[in-house]
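Here is a short report on one model.

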Amino acid sequence: METSAEFKTKGNKKKGMTAQTRLILAGLGISTAFIFLSACFATYSISQNMNNAYKNFAQVLAKTLAIEGVEVTKEVPELAKYDALRSNSVSVLKSNDDIAFIIFKDNKSKIIYSSKDDYPEQAERARITVSSPMIVKNLNDSVNVGSVTVGLSGNIMDKVSSTSKLSLTFVFILTWLVIVGIVYMNSSIITRELRRLYQGVKKISSGEFGYMIDSKDADKEVKELYSAFNDMSEKLSRYNEQTIESLTFERNKLESVLMSIVNGVVVCDNHDKVIMVNNFAKKLLEVEEEDILNTQIQQFCDSSGEFCFADKITQFKDTPLDDESAPVPFNIEIDGRILKCLISPMFTRSNSYVGYIIVLIDVTKDVEMDQLRSNFISNVSHELRTPVTVLRSYIDTLYNFGNDFDFNTQREFIGVMNQEIIRLNRMVNDILDFSRYEAQNVRLEKTKTDIIEIIEDAVNQVQVLAKEHDLTISIMKEPDLPQIYLNIDSISRAFMNILSNAIKYSPDGKRIKIRVERSRDGEYVEVSVEDQGPGLSEKDQKKVFDRFYRVENATHTVKGTGLGLHLVKVTVEKHHHGQVFVNSKEGEGSTFGFRLPINLPEEEIEEYIPKNQLPAESEA
Ligand code: ATP
Ligand code: MG
């Protein structure tokens, strides 16, 4: 984005020089012209004065030579005059380089002596010629005896003139340079201050609020300008911080709400780009934020590599926005988890459509529970139907043809019927116990009991069944175990469940070891049943105590409801403050058991069951 400051600079650049620069240059031009003219005038007047002075000098020289000429020729014979004038002239010529020639003439203008004859080259340099009469002064009058003409080359004048021109030029250049320097420095000081201000404005316009201009070495007026600027910058910075703070606070608030929701939330803009994803969604979809942010949601794949959102989003987009029917949920599967997804459109306050939100709810447990429940119902109806059918056919046979059978056969028939009734009874009890034990306000009456008796009792009950399957059951009990407070019925049934499972799931001819001992920490009595059955996988071990859970549901090889171990857990953990456990290895056997606290808390001992909730008398 271009700032206004940038615009201004560009505008100025286009026009060329600034008014200030033009003014400076004009000033410079005028002062240069003024200095130049002054220098010319000075040179001209100096050379004029020099010329006049030189001419005067020539006049004086000519007069002096005339006087000397009169002197040296006075009372000298006519013939010797030439020599006298010659020797005088030669000495004068030699003494001064500037004198080009000297000519002496008599009063009839006849040349007596001319130095041109002796020094013709020097004579050629003459530029100024001056003459003076030779006057002999007597007492009463003066007689003109001749004249002297002097030629001067003007060398000295030239030298002086050129020297003065040079010095003047030098002075002119120096003055000019000084002026230019001063103008430059002055303007650069002014522009430097303006540049600083410009820099500051540029920083502010680029969002760097709080930028300060250093006003240390600035002029008073500029200092005031700078401090006004700094003031403004600081205010802007404070305002900016406050705005950012409040915006960040609002954003953080919204973000933390979004992040803390225990359902997954994925927000997409109206181009299907993922713009926000909360922690739970990352966990559910098993992605890192950087892998999903800014990607098209349609490209997201489920565990089977299918684009799990693509079709549903097309469907969602095909539905008119004003259709107020609730969004249709759909399920996707990610790594064994079932996620229920709900897409809903997203609008701003002004009601413009900006994208959509996908809410992800982990329904794995619910789906599993539904499955377990439906299995339970089918198992229970099957389990109920079997003994009832068996009983009906045996009773029918005995009723119609009882007399045809001998006593032993009749007894055998009754024995089978008894077994079936026991099985039926146990199952009904399990179902009743299940609903009763789960209830919040139910408390089971406890009495101080020797747990060994319960165990031996149960073993006696299953001996016949064990023999049928050629199973050996052994009990190893630690001597002097303390009596503990427990509800005899429920603990008997819990132990019976574990023991009958061991019998049910053990192949014929194997061993079942029962151990009753103190736990290592001495706080519990531990009962365990070890078998040599099929064992359980780690995953199944975690779930066997869940209600309705059955490993065999997939195969239906062994019958059952999946309630037995769940009841054991509820009885032991909820009603006796103990713990259940399982140790197993697939193919090697399992050890199921529970621990009951030796010292039950006082308040738990005086427990009772309200009369109307007492269980029906169990025969199992
Ligand atoms: P029921 O409720 O009629 O007893 P069930 O025996 O199937 O039916 P649970 O007693 O709760 O149900 O047992 C749950 C699952 O645990 C069983 O389906 C079985 O697969 C597994 N299981 C229990 N005991 C053993 C064991 N000793 N050896 C191997 N698997 C066992
Ligand atoms: Mg069972």
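Ser490 counts as buried, at 1% relative accessibility. Buried means under 20% relative accessible area, exposed means over 50%, and partly exposed lies in between (1.4 Å probe, protein chains only). Ser490 sits in helix α14. Helices (H or I, at least four residues) and strands (E, at least two) are DSSP runs, numbered from the N terminus.

Residues up to four places away in sequence aside, Ser490 touches Tyr437, Leu444, Thr571 and His576. Contact here means heavy atoms within 4.5 Å.

## Basis of the model

This is a predicted model: local features need pLDDT of at least 70, side-chain atom pairs count only at pLDDT 80 or more, and totals for chains, interfaces and linings use all residues. Residues are numbered from 1 along each chain as its sequence is written, chains are lettered from A and ligands numbered from 1 in the order in which they are written, and side-chain values use heavy atoms, with hydrogens and water left out.

## The shell around ligand 1

Ligand 1 is surrounded by 19 residues. The closest are Asn501, Asp531, Arg550, Glu552 and Thr561. A residue is near a molecule if one of its heavy atoms lies within 4 Å of it. By class, the shell holds 9 nonpolar, 6 polar and 4 charged residues. Ala, Val, Leu, Ile, Met, Phe, Trp, Tyr, Cys and Pro count as nonpolar; Asp, Glu, Lys and Arg count as charged; the others, Gly among them, count as polar.

Polar backbone atoms also face the ligand's oxygen atoms. An oxygen atom of ligand 1 is 2.9 Å from such an atom of Leu563. For Gly564, the separation between a ligand oxygen and a polar backbone atom is 2.8 Å. For Leu565, it is 2.8 Å. A polar contact is a pair of N or O atoms within 3.5 Å. On its own, ligand 1 has 590 Å² of accessible area, and the protein covers 95% of it. Accessible areas come from the Shrake-Rupley method with a 1.4 Å probe. Elements that give two or more residues to the shell are α14 (488-505), α16 (564-576) and β16 (589-597). Helix α14 gives the most, with 4 residues.

## Helix α7

Does the length of α7 agree with or depart from what its 41 residues should span? At 1.5 Å a residue, helix α7 (residues 220-260) should span 60 Å, and its end C-alpha atoms are 58 Å apart, which agrees. The expected span is 1.5 Å times one less than the number of residues.

Buried residues of α7 are Val222, Tyr226, Phe229, Asn230, Ser233, Ser237 and Leu258. Their cover includes α6 (155-205), β5 (264-269) and β6 (274-277). An α-helix has 3.6 residues a turn, so residues three or four places apart point the same way.

## Ile46 in helix α2

Ile46 lies in helix α2 (residues 19-73). Ile46 is partly exposed, with a relative accessible area of 32%. Neighbours within four places in sequence aside, Ile46 is in contact with Ser164 and Leu168. The C-alpha atoms of Ile46 and Gln541 are separated by 125 Å, and these residues are 495 apart along the chain.

## Two loop residues with positive phi

Asn351 has a positive phi of about 70°, although it is not a glycine. Asn351 lies in the loop between β8 (337-347) and β9 (353-362). Asn351 is exposed, at 59% relative accessible area.

Asp470 has a positive phi of about 55° and is not a glycine either. Asp470 is found in the loop between α13 (451-468) and β11 (472-477). Asp470 is exposed, at 54% relative accessible area.

Conventions
Polar contact = N/O pair within 3.5 Å; in protein donor to acceptor, adjacent residues only side chain to side chain.
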